[in-house]
Amino acid sequence: MRYAGAVARLIGELARLPGIGSKTAQRLAFFLLSAPPEVAENLSAAIREARIQVRRCSVCGNLTDREPCAVCADETRDRALICVVQDPRDVAAIEKYRGFKGVYHVLHGALSPLAGLGPEELNIKSLLTRLAEGRVKEIILATNPDVEGDATALYLARLLKPIGVTVTRIAHGLPVGAHLEYADEITLGKAIEGRRVIE
């Protein structure tokens with residue numbers, strides 16, 4: 001069925017969101033159109049506010065609305081232990097575990113030559129800057145257990161070992177090909193506890 005221009009555009013924009021197919025986009029569009037006006041207005045205002053206020057933390061690269069982010073500002077965190085992740089969602093997943101007391105570094109992607117993502121496109125330079133301060137003792141590579149994540153971990157291990165820090169990789173208690181954001185806290189916690197030194 002063909003919808004009026006504004007409805008079709010709304011459905012089209014919603015369908016561009018990850019994990020939203022055309023049927024779900026239609027359901028969401030008709031919900032927004034039939035709900036009280038403030039529902040759509042509040043959603044629109046929340047999106048606008050997030051786009052204006054949320055930025056990358058200047059220390060770790062995580063998404064935040066304050067500088068530095070809450071983890072980097074927390075004086076109780078162990079700054080000698082940095083967990084390197086691909087995506088801000090991975091920070092949220094590990095924080096659910098509540099057993100990790102170090103800090104993070106977000107790469108914002110993984111090495112993927114086919115997608116045009118090389119080391120220059122990732123947030124690696126600021127990680128090297130953090131290491132130059134000399135306080136870091138261990139780097140945990142918590143990239144996703146897939147081809148890109150493994151390639152990124154191997155690249156970082158080779159880059160970081162000459163600096164003299166211990167480089168470990170989270171254990172693969174996670175299914176191969178899975179993403180950290182979908183793992184439960186217990187599995188993720190066991191993976192962090194079972195990390196190993198990369199040779």
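Where is isoleucine 186 in this structure? Isoleucine 186 is in helix H8, residues 185-193. Helices here are DSSP runs of H or I, at least four residues, and strands are runs of E, at least two, numbered from the N terminus. Isoleucine 186 is exposed, with a relative accessible area of 62%. My terms: buried is under 20% relative accessible area, exposed is over 50%, and partly exposed is in between, with a 1.4 Å probe and protein chains only.

A word on the model. It is predicted, so local features need pLDDT of at least 70 and side-chain atom pairs need 80 or more, while totals for chains, interfaces and linings use all residues. Residues are numbered from 1 along each chain as its sequence is written, and side-chain values use heavy atoms, with hydrogens and water left out.

Now strand S3, residues 78-85. Six of its eight residues are buried. S3 runs parallel to strand S4, residues 102-106, and five bridges join them. Pairing takes at least two DSSP bridges between the strands. Aspartate 78 stands opposite glycine 102 in S4. From S3 the chain passes through helix H5, residues 88-97, to S4, and this β-α-β crossover is right-handed. That is, with the strands pointing away from the viewer, the path from the first strand over the helix to the second runs clockwise. S3 also pairs with strand S5, residues 138-141, again in the parallel sense, over four bridges. Leucine 81 has glutamate 138 as its bridge partner in S5.

Next, helix H6, residues 125-132. Which of its residues are buried? Leu127, Arg130 and Leu131. They share one side of H6, because they cover an arc of only 100° around the axis. The arc is taken over directions from the helix axis to the C-beta atoms. Lys125, Thr129 and Ala132 are exposed on the other side. The buried residues of H6 pack against S3, S4, S5 and helix H7, 147-160. Contact means heavy atoms within 4.5 Å. After H6 comes glycine 134, with a positive phi near 80°.

Last, helix H2, residues 22-34. Its buried residues include Ala25, Ala29 and Leu32. The buried residues of H2 fall within an arc of 65° seen down the axis, so they line one face. The face turned away carries exposed Lys23, Arg27 and Ser34. Helix H1 (5-15) and helix H3 (37-53) are among what covers the buried residues of H2.
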